[in-house]
Each structure stands twice: as structure tokens, then as C-alpha cells.
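Notebook open, model loaded. I'm jotting down what I look up as I go.

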Amino acid sequence: MGGAFVTFKADKRQALWDRVQSKAGAPPPKGLATEKAEWLKPGLVGRVKFLKGEAKLRHASLKDFREEY
């Protein structure tokens, strides 16, 4: 849980945004706060680099993404 920086070039950023918009609208998992979050339907997988050893993501950045069926 947490946030990540997205530093893709414009074309890849737009492709990610299009995929996110097509998967928006899933209900939040039970027991998690829903403030400032948009939940996605399963199927979009991201590869994230972050500092290990923490309960939440720290200094995270999105490196790549893919569809998973």
C-alpha cells in the first residue's frame, strides 16, 4: 500500500492512463481506508522499485506495467 511516482515519457504515460481508466470502479477491499484512492479491477500489474523493510511503500517509482488475465 502506498503511492509511487510515474516518470514515463508522454506516450507510455498515456497508455497507462488509458488502461487505468478502463479498469476503474472496483469496490475497495474490506477493512482499508478509501480516502483519496481509486480502486481498479484486477488485471493491471505494475513493477515498482521501493525501499524494502517498511510496512508501506517508501520512495516508490513505477518502472513498468502489463496486463494480466
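This is a predicted model: local features need pLDDT of at least 70, side-chain atom pairs count only at pLDDT 80 or more; totals for chains, interfaces and linings use all residues.

I started with the surface: the protein chain exposes about 5800 Å², and carbon and sulfur atoms supply 54% of that. Areas are Shrake-Rupley with a 1.4 Å probe, and for residues only the protein chains shown count as cover.

Residues are numbered from 1 along each chain as its sequence is written, and side-chain values use heavy atoms, with hydrogens and water left out.

Next, the layout. I get one helix and three strands, in the order β-α-β-β along the sequence. These are DSSP runs numbered from the N terminus (helices H or I, at least four residues; strands E, at least two).

Then I checked pairing, which takes at least two DSSP bridges between two strands. Strand 3 (residues 61-67) pairs with strand 1 (residues 5-6) in the parallel sense over two bridges. With strand 2 (residues 44-49), strand 3 pairs in the antiparallel sense over six bridges. L62 in strand 3 is the bridge partner of V6 and also of V48.

I looked at K23 too, which sits in helix 1 (residues 10-23). Is K23 buried or exposed? K23 is buried, because its relative accessible area is 14%; the cut-offs are under 20% for buried, over 50% for exposed, partly exposed in between. Not counting residues up to four places away in sequence, K23 touches W39, L40, K41, P42, G43, L44 and E67 (contact: heavy atoms within 4.5 Å).

Technical notes. Buried means under 20% relative accessible area, exposed over 50%, partly exposed in between (1.4 Å probe, protein chains only).
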